[in-house]
Amino acid sequence: MHNLLEFFQKYNHWFLFLILEVVSMVLLFQYNSYQGSAWFSTANVVTGKLYEWNSNVETFFSLTKVNQELTQRNVYLEHQVKQLSDSLVSLTKDSSFLKRDQFAMLKSYRLIPAKVVDNSIDKPGNLMTIDKGRAEGIHKDMGVVSGTGVVGIVYIVAEHYSIVIPVLNVKSNISCTIQGRGYFGYLRWKGGSSELAYLEDVPRHAHFKLGDYVVTSGYSAVFPPGVRVGKILHVFNSADGLSYRVQLRLSTDFARLRDVCVIDDAAMKERLEILRAAQDSIKPDGSTGDNN
């Protein structure tokens, strides 16, 4: 306390100066209209800048949520455009039926937004971790997509996290079709570039061209039909010469992938359960489990 009093006594003239300065400033701006107006304008500018900075900060931290919503919307729109294009090719008269059928189909899907928290692209057995799990309604064998195309299939589910087998895994095997051509094959990745994969077992009589798009066929009971996979770059013969091996440039950029959506569809889940039940009921010799 003694030291504090000595400090005030030593610098009392400075404190007096500051007090007088404050009093003079108050008198100046309060009783002089011009100076008061200038002070008011300057204060408004400073306050406005502070509010602007605060708004920019809030906008920056809200970008994650906005990006998730855009990813989910892109998935809807991508699927909608594909379905409408295919339907317009085959149905050119009853456009009202096309519209009713499309929206009824889209309403059956529930997309669960998720964020990629761990990902690898340079290993034969690449795996991906997302930040949603059993608590958010995710279960094994759900399809995972991004705003630009197919990502992979849910493999292991925990309470709040899930492991996904992405397209960039040598064990990945997804049924696909060449858009607008009707020819089917299986999407496989052989390692190497994260931008390239192959559509295997395309029949030799298939007619298509470079630049055609490949989409999901809807036959896997995991993905709905029409989710984009990639674009055809080259065509090769298979090892046995009985089919084509089609090289694709994948539409999903796995090196920069952050936001994804997990497809939750009751109809696909039912199809998958029926398929598993049928497989379990078939014995190794080809007979069914019914002995009667």
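Mentor: Gladly, and keep in mind throughout that this is a predicted model.

Trainee: Which residue takes a positive phi in the hairpin of β6 and β7?

Mentor: The hairpin of β6 and β7 has five residues between the strands. Within this hairpin, the residue with a positive phi, near 75°, is glycine 180.

Trainee: How many bridges join β7 to β8, and what is the bridge partner of arginine 188 in β8?

Mentor: Strands β7 and β8 run antiparallel, and three bridges join them. In β8, the bridge partner of arginine 188 is tyrosine 198.

Trainee: With which residue does aspartate 201 form a salt bridge, and where do the two partners lie?

Mentor: Side chains of opposite charge can pair when their charged atoms come close. For aspartate 201 the closest N and O atoms of the pair are 3.7 Å apart, which falls within the 4 Å that a salt bridge requires. The pair links distant parts of the chain, 13 residues apart, with aspartate 201 in strand β8 and its partner in strand β7; that partner is arginine 188.

Trainee: Are aspartate 201 and arginine 188 buried, exposed or partly exposed?

Mentor: Buried means under 20% relative accessible area and exposed means over 50%, with partly exposed in between. Aspartate 201 has a relative accessible area of 43%, while arginine 188 has 24%, so aspartate 201 counts as partly exposed and arginine 188 also counts as partly exposed.

Trainee: How many residues apart in sequence are the parts tied together by aspartate 212 and arginine 181?

Mentor: The side chains of aspartate 212 and arginine 181 meet in a salt bridge, at 2.9 Å from N to O. Aspartate 212 lies in the loop between β8 and β9, whereas arginine 181 lies in the loop between β6 and β7, so the pair ties together parts whose separation in sequence is 31 residues.

Trainee: In what order do the six strands close into a barrel, and what is the average twist?

Mentor: The pairing in the barrel is antiparallel, and the six strands follow the order β1-β2-β5-β4-β3-β12. From one strand to the next, the twist averages 45°.

Trainee: Which residue in β5 stands opposite isoleucine 130?

Mentor: Strand β2, residues 128-130, pairs with strand β5, residues 162-166, in the antiparallel sense over three bridges. The residue in β5 that stands opposite isoleucine 130 is serine 162.

Trainee: Which residues make the nonpolar surface patch?

Mentor: The patch covers about 430 Å², and one of its members, tryptophan 14, is found in helix α2, residues 12-31. The residues that make the patch are Tyr11, Trp14, Phe17 and Leu18.

Conventions:
Residues are numbered from 1 along each chain as its sequence is written. This is a predicted model: local features need pLDDT of at least 70, side-chain atom pairs count only at pLDDT 80 or more; totals for chains, interfaces and linings use all residues. Side-chain values use heavy atoms; hydrogens and water are left out. Patches are made of residues with over 30% relative accessible area and no salt bridge: like charges are joined within 9 Å, nonpolar side chains (Val, Leu, Ile, Met, Phe, Trp, Tyr) within 5 Å. Accessible areas come from the Shrake-Rupley method with a 1.4 Å probe; for residues, only the protein chains shown count as cover. Helices (H or I, at least four residues) and strands (E, at least two) are DSSP runs, numbered from the N terminus. Buried means under 20% relative accessible area, exposed over 50%, partly exposed in between (1.4 Å probe, protein chains only). Two strands pair if DSSP finds at least two bridges between them. Axes are lines fitted to C-alpha atoms, for helices over the stretch in contact, and angles run from 0 to 180 degrees between N-to-C directions.
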